[in-house]
Amino acid sequence: MALTLYVDTARWRAHHKHVLEQFPGIVPVCKGNGYGFGHERLAEEATRFGSDILAVGTTYEAARIKDWFGGDLLVLTPFRRGEEPVPLPDRVVRSVSSLDGVHGLVGARVVIEVMSSMKRHGISEQELPQLHAAIEDVRLEGFALHLPLDRTDGSDAVEEVIGWMDRLRAARLPLHTMFVSHLKAHELARLQQQFPQTRFRARIGTNLWLGDHDATEYRGAVLDVTAVAKGDRFGYRQQKVASDGWLVVVAGGTSHGVGLEAPKALHGMMPRAKGVARAGLATVNRNLSPFVWAGKQRWFAEPPHMQVSILFVPSDAPEPKVGEELVAHLRHTTTQFDRMVDR
């Protein structure tokens, strides 16, 4: 019995088609854990819809995925001198975000990242005059601009791209291809209309693979159910049960990513208040699990184990049965399933 990722394949692929139509020339992104599906599956899907390129996070991911995808592989992590060399085919394109990086990749295929308002990494405007000579020694595939998700200052993403287009043009740098991230379809269309000689290629991962939330569902199988009475001791730490009910052992533990959660940026008073409330409950060992039974998320009876979780279901809810499955609200990018089932 397992933690299973169920995929409504027809619906999932229909969403892919919708995104592809919105973003001509899309660069599918397959990094990390493959957005919960695994590298092999996403490489298969990218091949299926005819992509000529697939973006990966690191050279190590490129080395693993090269036998699953026959097109170009764009490594998103910028090259740094001194990094461990990884044997890769010529169809791998390296991102570079510094002049030193360009000089260190003589003869290589490269995409040059410029510094956006993200301020994460990238070539600065002041370095552009020196870049003009440096690119003679590489095979330039284009420039890239990684944009922020939120713009709390009211700035315009398209205007930021236009600003960089103007700077690159003023520096007499080639503008045949610009890779962009986190633009909406109408913003991309606006740029393509304004710069018809440049091919804009949107790098998209989350919206492509996870944009239709109802196309996928995690479920954990119930492995054991034990009736308990108020005051009974249980588990590794021999805590007392707070009331009558059942201890439910369900597939899915820390090795699957259950109990792991990425930090969130909270906006507004209500989300902040809920965050404070959750933290307060956690101090008295009350943690809500991602597993749902009888229409409610159930509490962990104790912290999740490596491969299973133990939940407490009170006596006023129906008794779960061994073999039944509980829906689990899990984050795809931090979850490792036991099996994937297409349906």
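The structure holds one cavity of 30 Å³ or more. A cavity here is worked out on a 1 Å grid over the protein atoms alone, as a set of points where a 1.4 Å probe fits but cannot get out. The volume of the largest cavity comes to about 40 Å³, where a volume is the space filled by probe spheres set on the points, with grid points joined across faces, edges and corners. Keep in mind that this is a predicted model: local features need pLDDT of at least 70, side-chain atom pairs count only at pLDDT 80 or more, and totals for chains, interfaces and linings use all residues. Residues are numbered from 1 along each chain as its sequence is written, and side-chain values use heavy atoms, with hydrogens and water left out.

So what lines the largest cavity? You'll find E113, V114, S116, M118, K119, R120, H121 and H146 there, where lining residues have an atom within 4 Å of a point. That lining splits into two nonpolar, three polar and three charged residues. For these classes, Ala, Val, Leu, Ile, Met, Phe, Trp, Tyr, Cys and Pro count as nonpolar, Asp, Glu, Lys and Arg as charged, and the others, Gly among them, as polar.

H146 turns up again in the second largest pocket. A pocket is an open set of points with protein on both sides within 12 Å along at least five of seven lines. This one has about 860 Å³ of space. Of its 30 lining residues, H146, L149, S181, H182 and R203 are the closest to the centre. Strand 9 (199–204) and helix 8 (206–210) each supply at least two lining residues, and strand 9 gives the most, with three. Helices (H or I, at least four residues) and strands (E, at least two) are DSSP runs, numbered from the N terminus. By class, the pocket lining has 12 nonpolar, 10 polar and eight charged residues.

Now for the helix packing. Helix 6 (residues 157–170) and helix 7 (residues 185–194) pack at an angle of about 30 degrees, with their axes 10 Å apart. Axes are lines fitted to C-alpha atoms, for helices over the stretch in contact, and angles run from 0 to 180 degrees between N-to-C directions. Helix 6 and helix 7 are therefore roughly parallel (angles under 35 degrees count as roughly parallel, over 145 as roughly antiparallel, 65 to 115 as roughly perpendicular and the rest as oblique). Where do they touch? A157, V158, E159, V161 and I162 in helix 6 meet E187, R190, L191 and Q194 in helix 7, contact meaning heavy atoms within 4.5 Å. Those residues divide into five nonpolar, one polar and three charged.
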